[in-house]
Protein chains: 2
Amino acid sequence: MLFSTRAEYGVRLMVELGRHAGDQPVSLNAVAENERLPLSYLEHLVAKLRKAGLVESQRGARGGYRLARPADRIDMLEVVQALEGAITPMECFHPEPEGKVSCSHEADGDHACATKLLWTKVHGGVAKALSGTTLADLVEFAGAGGDGPPEPDPTKAVAGAA
Amino acid sequence: MLFSTRAEYGVRLMVELGRHAGDQPVSLNAVAENERLPLSYLEHLVAKLRKAGLVESQRGARGGYRLARPADRIDMLEVVQALEGAITPMECFHPEPEGKVSCSHEADGDHACATKLLWTKVHGGVAKALSGTTLADLVEFAGAGGDGPPEPDPTKAVAGAA
DNA sequence: CCTTCTCCGACTGATTGGCTAGGATTTAGT
DNA sequence: ACTAAATCCTAGCCAATCAGTCGGAGAAGG
């Protein structure tokens with residue numbers, strides 16, 4: 001399992017907010033009911049999203065949450081990172097400012113850490129997949145599958161693209 | 001953390017075996033010392049690799065492990081899958097025979113699972129990164145980048161007897 | 001002032017990750 | 001035949017994380 005339910009629930013929450021763009025804020029309760037997710041757990045998740053500056057909150061009655069930016073300017077790398085923490089393939093993997101990567105074992109001596117090449121590739125693949133997707137993409141995808149007529153399944157094309 | 005140390009240790013183990021291709025089998029003890037990893041933990045990992053048909057074992061004194069195939073015909077997707085189990089981005093994510101993907105929530109009704117698109121992309125990215133890399137690539141990388149030449153010196157580690 | 005809602009921290013039960021222990025079995029060398 | 005060096009197998013342990021609950025303190029609208 002690459003990610004935990006935090007990412008899953010959190011992304012679904014974001015999509016739900018994205019569907020009500022421009023409207024009044026959406027209460028967590030509404031989201032929980034729509035998505036059949038535990039309210040009190042969502043509270044924790046939305047807190048992370050808020051601290052990351054991805055959603056804004058309005059307290060009090062008729063309050064709730066809304067996106068801090070238009071959905072097409074929110075890329076999913078940000079979202080998933082906010083929910084799951086820094087996404088690294090491995091414990092020893094430390095991405096550095098200038099795109100380089102350091103590895104904890106390298107000090108051990110014998111030879112370069114053989115896995116560095118592999119984890120760098122994996123990290124790149126995930127980062128590309130996430131940052132190449134905006135929340136708007138997901139909202140549109142969800143909308144198409146739900147209210148509107150069925151469209152050709154985009155997941156098939158991507159899955160075969162390896 | 002995308003992967004656990006199982007993948008890390010297991011891959012390093014495989015690389016170590018790949019460095020001694022054609023030679024006598026390498027004992028786990030030697031690998032453990034070279035890589036400074038706990039022997040008894042490696043035993044569990046190598047068992048998975050053996051069951052997956054990636055390494056062969058020779059029991060008894062002077063026994064050990066060797067690759068079941070040449071390193072350039074072992075792709076890392078197989079290796080990581082053997083170690084970590086099926087690699088899916090999310091609990092609800094079930095890759096199906098024909099490249100399609102099913103999602104547990106889809107039965108829930110309201111609308112298509114919005115996250116499916118995202119996880120499919122992520123899965124594709126990881127799979128591509130892993131299956132596009134062979135063990136030989138890592139062996140070469142480790143040899144080239146290391147401060148020591150990839151010169152095989154198996155006598156040193158095992159040199160207790162005779 | 002009461003209801004709705006966000007916010008916050010503490011707590012919990014189950015699972016997983018990383019690792020150790022102990023032994024059974026197989027084989028090479030003497 | 002004996003012994004040392006290995007693989008193999010099962011069981012269990014401890015700490016951390018996951019997924020979620022609970023109770024309550026604020027803030028805002030009616």
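Guide: Buried means under 20% relative accessible area, exposed means over 50%, and partly exposed is in between, using a 1.4 Å probe and protein chains only. By that rule Cys92(B) is buried, at 5% relative accessible area. Keep in mind that this is a predicted model: local features need pLDDT of at least 70 and side-chain atom pairs need pLDDT 80 or more, while totals for chains, interfaces and linings use all residues. Residues are numbered from 1 along each chain as its sequence is written, chains are lettered from A and ligands numbered from 1 in the order written, and side-chain values use heavy atoms, with hydrogens and water left out.

Visitor: How many disulfides does the structure hold?

Guide: A disulfide is a pair of cysteine sulfur atoms within 2.5 Å. Over all chains, the count here is zero. Cys113(A) is buried too, with a relative accessible area of 5%.

Visitor: How do I read the fold of chain A?

Guide: Helices (H or I, at least four residues) and strands (E, at least two) are DSSP runs, numbered from the N terminus. Chain A has seven helices and four strands, in the order α-α-α-β-β-α-β-β-α-α-α along the sequence. Of its 162 residues, 44% count as buried.

Visitor: What share of the contacts in chain A join residues at least 24 apart?

Guide: Contact means heavy atoms within 4.5 Å. Taking contacts in chain A between residues at least 6 apart in sequence, 62% join residues at least 24 apart.

Visitor: Is Glu84(A) buried or exposed?

Guide: Buried, with a relative accessible area of 18%. Glu84(A) is part of helix H4 (residues 76–84) of chain A. Leaving aside residues up to four places away in sequence, Glu84(A) touches Phe3(A), Ser4(A), Arg6(A) and Ala7(A).

Visitor: Which side chain makes a polar contact with the side chain of Glu84(A)?

Guide: A polar contact is a pair of N or O atoms within 3.5 Å; within protein, one must be able to donate a hydrogen and the other to accept it, and residues adjacent in sequence count only if both atoms are side-chain atoms. The side chain of Ser4(A) is the partner, at 2.7 Å. A polar atom of the Glu84(A) side chain also lies 3.1 Å from the backbone nitrogen of Ala7(A).

Visitor: Now the DNA. Which residues are closest to DNA strand C?

Guide: A residue is near a strand if one of its heavy atoms lies within 4 Å of it. For DNA strand C there are 23 surrounding residues, the closest being Leu28(A), Ser57(A), Tyr65(A), His44(B) and Arg59(B). On the phosphate side, a polar side-chain atom of Ser57(A) lies 2.5 Å from a phosphate oxygen. As for bases, a side-chain N or O atom of Arg59(A) is 3.2 Å from a base oxygen, and a backbone N or O atom of Ala61(A) lies 3.0 Å from a base oxygen.

Visitor: And how many residues surround DNA strand D?

Guide: There are 25, and the closest are His44(A), Leu28(B), Ser57(B), Arg59(B) and Tyr65(B). Polar side-chain atoms lie 3.0 Å from a phosphate oxygen for Arg6(A) and 3.1 Å from a phosphate oxygen for Arg50(B).
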